[in-house]
Amino acid sequence: MAKKAGKSPAFEFDFRGADLKKLLASESAVVRFTVYVEAVDKKGGGQVGALRISAKGISGSSNRTTRRGNGINGDPRPPGMPD
């Protein structure tokens with residue numbers, strides 16, 4: 001019998017509740033979350049890749065960003081950090 005795999009978060013992002021409420025209030029048909037990699041300078045020099053995530057309101061028929069859906073960004077939070 002196979003062992004059940006344990007759960008371990010790979011990535012966590014914090015979104016401010018007020019920002020999400022504002023985005024949802026735009027009554028977009030869809031809220032699209034996009035994850036991308038960004039080069040970030042390290043303190044000791046050099047660069048590393050950092051994941052970023054943004055959320056945007058998308059209108060239903062045109063698949064375009066809504067006027068009020070300029071988007072919001074989530075703050076990356078390394079797994080295992082205390083709340």
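## Burial and surface

Of the 83 residues in this predicted model, 17% count as buried. The accessible surface comes to about 6900 Å². Carbon and sulfur atoms account for 52% of that surface.

Contacts were also sorted by sequence separation. Among those between residues at least 6 apart in sequence, 49% join residues at least 24 apart.

## Confidence

The mean pLDDT of the protein is 76. A value of 70 or more is reached by 67% of the residues. Confidence is highest in helix 1, at a mean of 88. It is lowest in strand 4, residues 72-77, at a mean of 73. Where pLDDT is low, the predicted coordinates should not be read in detail.

## Secondary structure

The protein has 1 helix and 4 strands. From the N terminus on, the order is β-α-β-β-β. Strand 1 covers 12-14 and helix 1 covers 17-25. Strand 2 spans residues 30-41, and strand 3 spans residues 47-58.

Strand 2 and strand 3 pair in the antiparallel sense. The pairing runs over 12 bridges. Within it, Arg-32 stands opposite Lys-56 of strand 3.

The hairpin has 5 residues between its strands. Gly-45 takes a positive phi there, near 100 degrees.

## The aromatic pair

A search of the whole structure finds 1 aromatic pair. Its members are Phe-15 and Phe-33, in an edge-to-face arrangement. The ring centres lie 5.6 Å apart, and the planes stand at 85 degrees. Over 60 degrees counts as edge-to-face, so the angle of 85 degrees settles the class.

The pair links distant parts of the chain. Phe-15 sits in the loop between strand 1 and helix 1, whereas Phe-33 belongs to strand 2. The two residues are 18 apart. Phe-33 is partly exposed, with a relative accessible area of 45%.

## Glu-27 and its loop

Glu-27 is found in the loop between helix 1 and strand 2. Its phi is near 55 degrees, a positive value in a residue other than glycine. Is this residue buried or exposed? Glu-27 is exposed, because its relative accessible area is 71% and the cut-off for exposed is over 50%.

Conventions. Residues are numbered from 1 along each chain as its sequence is written. This is a predicted model: local features need pLDDT of at least 70, side-chain atom pairs count only at pLDDT 80 or more; totals for chains, interfaces and linings use all residues. Side-chain values use heavy atoms; hydrogens and water are left out. Rings of Phe, Tyr and Trp (its six-membered ring) pair if their centres lie within 6.5 Å; planes under 30 degrees apart count as stacked, over 60 as edge-to-face and the rest as tilted. Buried means under 20% relative accessible area, exposed over 50%, partly exposed in between (1.4 Å probe, protein chains only). pLDDT is the predictor's confidence in each residue, from 0 to 100. Contact means heavy atoms within 4.5 Å. Accessible areas come from the Shrake-Rupley method with a 1.4 Å probe; for residues, only the protein chains shown count as cover. Two strands pair if DSSP finds at least two bridges between them.
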